[in-house]
Amino acid sequence: MSAAQLIAAALLVPAAGAGLLALAGRRPNLREAVTLVAAALLFACVVALAPPVLAGARPQLFALELLPGIALGFRVEPLGMLFALVASGLWIVNSLYSIGYMRANGEPHQTRFYACFALALAATMGIAFAANLLTLFLFYEMLTLVTWPLVTHHGDDEARAGGRVYLGLLLGTSIVLLLPAIIATWAYAGTLEFAPGGILRDAGLSGPALGGLLALYVFGIGKAALMPVHRWLPAAMVAPTPVSALLHAVAVVKAGVFAVLKVILYVFGVEALAGVRASDWLPAVAGFTVIAASIVALHADNLKRRLAYSTVSQLSYVVLSASLLVPLSAAAAALHIAAHALGKITLFFAAGAIYTVTGKTEVSQLDGVGRRMPWTMGAFAVGALSLIGIPPAAGFLSKWLMFQGAAAAGHWPALVVLGASTLLNAAYFLPIVHAAFLRAPPAGEPGHGEAPWTMVAALTATAAATLALPFAAAVPLALARATAGL
Amino acid sequence: MSVASHYSYWITVLLMTAGLYIVIARGNLVKKLIGLAIFQTSVYLLYIAPGKLIGGTAPIVAEAFKLYSNPLPHVLILTAIVVGVATLALGLAITVRVRETYGSIEEDEILAADRDDPDGA
Amino acid sequence: MILEHLPALQVTVPLAAAPLIVLVRQSTVAWGVATAVSWFAFAAALLLATQVAGGGPVSYALGSWPPPWGIEYRVDALSAFVLVLVSGVAAVVAPFAWRSVAAELPRDRVYLFYALYCLCLAGLLGMTITGDAFNLFVFMEISSLASYVLIALGRHRRALLAAYQYLILGTIGATFYVIGVGLLYLMTGTLNLADMAARLPALAGTRPVLAALAFITVGVSLKLALFPLHLWLPNAYAYAPSAVTAFLAATATKVSVYILLRFYFGVFGARLVVGELPMPEILLALSILAIVTASLVALWQADLKRLLAYSSVAQIGYITLGVGMASRDGLTAAVVHLFNHGITKGALFLLVGGIALRAGRAGFERLQGLGQVMPLTSLGIVLAGLSLIGVPGTAGFISKWYLVLGAIEAERWWLAALVVATSLIAVAYVWRFVEAAYLAPPGAATPQPGEAPRAMLVPAWLLVAACIWFGLDTSFTVRGARSAALLLLGGAP
């Protein structure tokens with residue numbers, strides 16, 4: 001298949017999968033099989049696109065002209081490739097996990113669940129491969145709308161309230177801030193195509209105007225969860241854990257920081273921003289989010305809430321790195337998209353497994369869980385180590401690059417933030433691991449075993465990948481470095 | 001040319017405002033329609049009066065008739081009168097149906113009836 | 001032969017069909033004639049549009065009397081665009097009406113409904129195609145009188161008062177329009193729009209001309225339902241039969257916008273209206289008021305049909321906002337939203353018609369859990385609702401794009417912010433439906449599981465598909481709107 005056909009397949013396979021599994025709704029095993037096959041096929045298409053991209057090609061696909069002069073078009077470049085690999089690869093694992101979770105918990109509306117999931121992946125691929133801002137925006141909005149049924153899955157009052165915050169913040173920021181930013185870019189730059197070096201160089205915008213436009217973008221891309229538009233992420237934790245795992249650890253949030261990274265690199269251009277100092281405020285905002293979110297995580301007793309705020313914090317690592325405007329930190333940002341995804345999804349898988357087997361949701365209830373669920377908590381420990389940044393977990397690699405990048409930029413506040421947050425990460429993760437393994441379970445608690453095998457298999461796989469990444473980092477590193485132009 | 005010589009325009013304005021006032025100020029459905037008809041009559045006058053030229057005659061192509069009054073406004077107003085008649089007839093028909101349904105043609109009574117019994121057929 | 005007289009046939013075929021239907025009386029034949037006539041009108045409009053796109057404006061002298069003495073029918077980029085919209089909507093609503101009208105009207109009145117439907121269609125098409133100011137008034141009243149009766153045919157008794165109120169306000173509006181035309185005739189001596197446009201620049205500052213502009217503005221604004229002259233609309237749309245609401249919501253106000261555009265830019269000219277008078281500022285102010293207040297009121301409605309009616313007032317505000325910007329992108333936005341809103345609201349009201357058939361009324365207590373009992377209808381409402389919000393991939397997005405672009409290019413950042421911020425109110429009221437239909441279990445008042453009949457669902461979904469189609473393939477709408485905007489700003493009609 002030609003590269004253009006592969007791009008089309010990457011979008012159509014999940015979409016077709018959604019349709020097929022909706023038809024197969026009456027036969028759960030067939031339906032689950034459709035999901036797994038679609039996920040595998042998608043990953044195969046995406047992997048097939050990797051070699052040409054690594055060799056320097058930029059496959060593209062033009063779909064149709066949406067507005068005069070602006071096309072619905074796709075182009076695969078290294079950053080998008082990295083994102084697509086992570087998302088599509090983890091969909092397979094997440095589908096396996098979902099099967100276990102949904103059946104063990106007897107969740108209703110499973111067909112709707114799997115169908116919306118497939119559509120969400122189609123939208124994610126659209127975001128990853130978007131060639132211009134309008135295509136990105138289209139799939140970005142589609143992602144918000146398609147994940148709303150997943151967030152409000154349980155249909156109760158809590159779900160409805162969480163859904164309102166989710167939709168309100170994400171649609172609010174994208175319609176009120178991001179859309180005008182895109183239209184203004186079109187008005188000033190005359191194009192919306194992503195280009196290395198940016199498209200706003202010759203647009204004749206002053207430094208403050210560029211800074212304002214950047215602010216519109218950064219806060220308009222609400223999925224990047226910069227404070228104060230981050231509240232949708234903890235609100236989305238009302239969703240079933242597979243949703244939190246793939247979407248709110250991987251697809252949705254990474255789409256956010258991916259978009260921010262693309263905007264900084266390919267719309268504004270690093271030189272343009274550095275030249276007029278239009279983005280000097282951004283490291284401060286990102287740094288604040290990193291620390292503030294970590295502090296909230298420290299005090300959160302609900303496990304998913306702690307993980308959600310940890311995600312907010314880790315996302316701002318990416319934004320912080322990108323805003324330092326040196327190639328090394330751009331590469332670090334790109335790599336962290338992959339590293340954090342692996343670690344976080346493991347943590348969420350573990351949280352969901354604990355909930356499924358024991359019904360426990362609070363950190364304070366987790367004493368001794370590790371002894372009865374060694375695989376689950378072992379994976380949790382690996383994920384925690386990755387997020388803290390301890391070798392040999394994946395997070396170490398990206399964090400090390402981030403430190404190097406901050407040093408290269410001479411930005412000592414960023415170094416302080418990175419260091420402080422590492423300590424905070426340790427402070428809110430290590431006690432959980434400690435309590436789970438080294439404390440005795442509360443007396444009189446009924447015994448329980450491990451989670452269902454599908455869930456354990458999934459979380460073991462991601463934990464193993466987290467540990468393996470530093471050793472098999474060639475492709476991700478190459479893509480990250482190519483993103484930064486190194 | 002004085003203010004008084006424009007008396008046709010003054011009458012036009014008088015009819016216009018009187019008609020509109022009746023429509024707004026009266027709650028009886030038939031009276032509103034009468035106000036509307038008066039309002040429309042002012043328009044007829046607005047068109048026809050300027051069409052008559054001093055010393056103008058009907059447009060007859062013959063030696064003795066030099067200055068023609070404008071026949072076009074008459075044609076237009078005939079159309080407008082027909083439209084006005086149709087509107088009046090339609091309005092009265094609706095008023096008859098309202099009377100049959102609500103038992104009253106006073107706007108405030110009808111609105112009160114709707115407020116008290118919003119789902120009445 | 002047919003092609004030669006197509007402009008005349010566009011209007012006379014529906015017009016002649018009306019008395020024919022009254023003679024025939026039989027309901028199914030009446031429906032058949034009305035549907036055939038609508039489809040013919042649509043085909044004719046498409047043919048005319050292609051003619052205009054290829055060869056420039058088409059001028060037809062009625063009765064072979066040459067303009068400016070005779071009545072001229074003139075099809076240019078703008079009128080062709082509106083003709084396609086009006087006839088297209090009619091062509092979709094007519095098949096829908098078969099089951100809908102049969103359920104909502106007593107059997108012996110059905111043929112009268114179709115006769116009036118054809119009259120209304122003839123009037124709307126005539127308004128769009130004519131190049132004569134007084135002829136426009138005649139067609140305006142033909143369509144208005146027909147629509148008053150169509151509204152009065154509604155099931156609920158409040159339809160009568162709604163029709164009466166619309167009659168009073170609509171007649172005042174039409175009469176104001178006639179007063180304006182009279183003043184223009186007094187000053188220019190002609191009723192032909194093109195001729196007026198040629199003669200007016202010399203008279204631009206005179207008081208009768210300014211008064212004429214004022215009268216025509218107020219008269220057309222009453223028909224347009226521009227805030228604060230919109231009071232007839234919510235009741236009229238809420239209590240009329242479903243097919244009537246869908247048809248009128250998608251066409252009547254849009255043709256009134258067309259009249260406004262034609263007079264402002266085609267007759268009076270941009271130099272007078274935009275350059276010398278504060279019309280853009282007035283229109284902007286009223287549009288903003290319309291959008292904000294109507295959207296907020298829509299949020300609190302207990303009935304879906306009323307909610308959509310207030311939403312229409314707000315969306316008309318967006319159209320007049322584009323007119324008020326008076327720039328190339330602003331006018332493109334206005335014309336494009338004319339079309340996009342027409343198909344979006346048409347789709348929504350047709351789907352609500354299906355709900356009315358199954359549930360009797362569309363109050364929110366009957367919509368609980370609708371996603372389970374009427375899945376296709378609910379999904380259609382969601383998709384059309386997304387177009388109302390302006391989500392990319394739907395037609396509504398294209399309109400929003402051009403509105404914001406127009407505002408940014410005019411350096412009016414606050415206006416761009418307003419346009420996008422008010423979209424959030426639309427999100428809120430569309431999501432009211434989504435939460436009721438999908439997050440609540442079916443309640444006591446929810447209808448039994450079962451979709452609306454296919455004859456109603458298919459036309460409705462055709463319009464829903466159009467909402468998505470014209471959000472992705474914008475060649476027809478944007479090109480048509482662009483040409484119309486350039487035509488209007490270029491001067492001569």
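A few ground rules come before the details. Residues are numbered from 1 along each chain as its sequence is written, and chains are lettered from A, with ligands numbered from 1, in the order in which they are written. Because the model is predicted, local features need pLDDT of at least 70 and side-chain atom pairs count only at pLDDT 80 or more, while totals for chains, interfaces and linings use all residues; side-chain values use heavy atoms, with hydrogens and water left out.

The pLDDT score is the predictor's confidence in each residue, from 0 to 100. For chain A its mean is 88, and 100% of the residues reach 70 or more. Within chain A, helix H5 (residues 133-151) has the highest confidence, at a mean of 94, and helix H10 (residues 270-276) the lowest, at 80. Helices here (H or I, at least four residues) and strands (E, at least two) are DSSP runs, numbered from the N terminus.

Chain B is put together from four helices and zero strands, giving the pattern α-α-α-α along the sequence. Its radius of gyration is 21 Å, well over the 14 Å that the globule rule gives for 121 residues, so chain B is more spread out than a compact globule. (The radius is taken over C-alpha atoms, and the globule rule is 2.2 Å times the number of residues to the power 0.38.) Along the principal axes, the C-alpha trace of chain B spans about 70 × 30 × 15 Å.

Chain C tells another story, with 20 helices and two strands. For its 493 residues the globule rule gives 23 Å, and the radius of gyration of chain C, 21 Å, is close to that, so chain C is as compact as a globular protein of that length. The C-alpha trace of chain C covers about 70 × 55 × 40 Å along its principal axes.

Now for who touches whom, where contact means heavy atoms within 4.5 Å. Two pairs of chains are in contact, and chains B and C share the most contacts. Chains A and B do not touch, and their nearest C-alpha atoms are 31 Å apart.

Between chains B and C, 41 residues of chain B meet 29 residues of chain C. Together they bury about 3,100 Å², 77% of it on carbon and sulfur atoms. On the chain B side, Tyr47(B), Leu90(B) and Ile94(B) lose the most area to chain C, together 17% of what that side buries. (Buried area is the accessible area, with a 1.4 Å probe, that two parts lose on being put together, summed over both.) There are two salt bridges across this interface, a salt bridge being a side-chain nitrogen of Lys or Arg within 4 Å of a carboxyl oxygen of Asp or Glu. One of them links Asp114(B) to Arg157(C), with the closest N and O atoms 3.4 Å apart. Helices H1 (7-25), H2 (29-51), H3 (72-102) and H4 (107-116) of chain B each supply at least two residues of the side that touches chain C. H3(B) gives the largest share of that side, 16 residues. Sorted by class, the chain B side has 28 nonpolar, eight polar and five charged residues. (Ala, Val, Leu, Ile, Met, Phe, Trp, Tyr, Cys and Pro count as nonpolar, Asp, Glu, Lys and Arg as charged, and the others, Gly among them, as polar.)

The meeting of chains C and A takes 29 residues from chain C and 30 from chain A. The area buried there is about 2,700 Å², and carbon and sulfur atoms give 80% of it. One salt bridge crosses this interface: Arg164(A) pairs with Glu435(C), the closest N and O atoms being 2.6 Å apart. H18(C) brings the largest share, 10 residues. That side of chain C holds 21 nonpolar, four polar and four charged residues.

Over all chains, the structure has 17 salt bridges. One within chain A joins Asp157(A) and Arg160(A), whose closest N and O atoms are 3.6 Å apart. These residues sit three apart in helix H6 (residues 157-189) of chain A, so about one helical turn separates them.

Met227(A) and Pro228(A) are joined by a cis peptide bond, with omega about 5°, and Pro228(A) lies in the loop between helices H7 (207-220) and H8 (232-235) of chain A. In that loop between H7 and H8 there is also Ala225(A), a residue other than glycine with a positive phi, near 55°. In chain C, the peptide bond from Phe227(C) to Pro228(C) is cis too, with omega near 0°.
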